[in-house]
Structure formats: structure tokens, C-alpha cells
Amino acid sequence: MPKKARSPEEIQTIREEILDKTLELINEVGFDNFTMRKLAGKLGLTATTIYQYYKNKEELYFAALTQGFDTLCDVVQEALGKQNDPKERLREVIRAVIRFSLAHPNVYNILFVSDVPKYYDYVGTESEAVAKNELDAAMRFRNLLISTVLQSGIIKADSENDVLMDLIAGICTIHGYIVFVNSQITDYLLGPDTETDSDEMVNKLIDTV
């Protein structure tokens, strides 16, 4: 008897599980040591089954990155709808990004910490198109942050470059905090009350600009 075809919902569930385990495995072994065979073992599938959903390692990898940035964009959009005051909207956005990053360290590490290939590494290759999808998703997230910061009015700059440099400085502060929490350093410096510490850090960042 022929095997029953999977429903669209089942296919989507499998694809998402493959992406989740991809991020987990790359965090464990690094991109260079990541293989479809190792991923198959982690999933309890065959490599052949994974190839039914993703053409190769690069397509799978960039799909995971693209999903990460798309999810961050959704997080920001949801946070924007919770406040009317522009400055409070920025505060809510930063809190939401921090909460997501602490709840999903595998995603955050791949997007912002780990030494993994990016778009420019694939220009001129057969994987350039999927790499470009990831770059576009990253730029959507970047542009959302820039527009939210500009609308808040906390940055007074004379040029776009000045705005970007101020934004980068703020992002570095947030990034450092996330890395400290994910590595448990803040447990020893401040104690384990992450939610309170995050709020205080966000307030200091915004109110002292």
C-alpha cells in the first residue's frame, strides 16, 4: 500500500524541526564541521530525507538564518504595536529583542556571534540567491531598528552616518549584555534576576542618551 502523502502542515513542521536542529548542531560543532549526515543523526532521519526538503547544506543554512531574521522582524513589529509614544516604543522593542535573544540563544549566536559565512562569501556561486534572501531579511531587521530609533527622537545627528554610528554603539551595548547573560556572567556580577536587570539596562541606555 502506497505511503500516505504528508499534509502541508506536516511538511512545514518537519521543515521547522530541521531548521531548529540545524541551528543547534552548528552551535555545537561549528559551520565547517556541520554535515547533513550529522544533522540526520540528530533528527533520527536519513540524509536522503533531509534532501527532500533542502537541496544542500548552504540552502538549509541560509534558510535557518533567514527564518531567524524574519522572526526578529515579527518580534519588533509586535512590540511596536504595544506603545503609542515613540520613545516608549523603542524601549519596548529593545526589551522584546533582548527577551527573544535570551530565550533563543542558538538563533542569536548564529545571527550575531558565531564565525559563520555570510552573503559576501557566496557572491558568484550557485548559493548566491539563497544567501541574498538572508541578506534581505537582515536588512529588513536593520531598517526596522533604524526607523524605530529615528522616530523615538533620542538621537540627534547631522547625517545618516552619524545616526548609524550612534545606532551601532547602542547595539554593541545590547549585544554585550545578551552575550553576558547567555554566558551566565551576569549571574555572578548581578545575580540571576534577568528580567529586572534587562529593564534597568534598557532604561539606562535610553534615558542617558
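A nonpolar core here is a set of buried Ala, Val, Leu, Ile, Met, Phe, Trp, Tyr and Cys residues joined through side-chain atoms within 4.5 Å. With that in hand, let's walk through this predicted model.

Start on the inside. The largest nonpolar core has 43 residues, and Ile18, Leu39, Ile50, Leu60, Tyr61 and Phe141 make the most contacts within it. Helices α1 (8–29), α2 (36–43), α4 (57–80), α5 (86–103), α6 and α7 (128–152) each put in two or more residues. It's α4 that gives the largest share, with 12 residues. For a close-up, pick isoleucine 50: setting aside neighbours within four places in sequence, it touches Ile18, Met36, Leu39, Ala40, Leu43 and Leu60. There's also a second, separate core of 19 residues, with Ile154, Ile178, Met201 and Ile206 among them.

In soluble globular proteins, nonpolar side chains tend to be buried together. Some nonpolar side chains here sit on the surface, though: Phe112, Val113, Val179, Phe180, Ile185, Leu189 and Leu190 form a patch with about 590 Å² of accessible area together. At least two residues of that patch come from each of α6 (105–113), α8 (160–182) and α9 (185–189). Take isoleucine 185, in helix α9: its relative accessibility is 34%, so it counts as partly exposed.

What about disulfides? The count is 0. Cysteine 73 isn't in one, as the nearest cysteine sulfur, in cysteine 172, is 19 Å away. That's too far for a bond, given a cut-off of 2.5 Å.

Conventions:
Residues are numbered from 1 along each chain as its sequence is written. This is a predicted model: local features need pLDDT of at least 70, side-chain atom pairs count only at pLDDT 80 or more; totals for chains, interfaces and linings use all residues. Side-chain values use heavy atoms; hydrogens and water are left out. Patches are made of residues with over 30% relative accessible area and no salt bridge: like charges are joined within 9 Å, nonpolar side chains (Val, Leu, Ile, Met, Phe, Trp, Tyr) within 5 Å. Accessible areas come from the Shrake-Rupley method with a 1.4 Å probe; for residues, only the protein chains shown count as cover. A salt bridge is a side-chain nitrogen of Lys or Arg within 4 Å of a carboxyl oxygen of Asp or Glu. Helices (H or I, at least four residues) and strands (E, at least two) are DSSP runs, numbered from the N terminus. Buried means under 20% relative accessible area, exposed over 50%, partly exposed in between (1.4 Å probe, protein chains only). Contact means heavy atoms within 4.5 Å.
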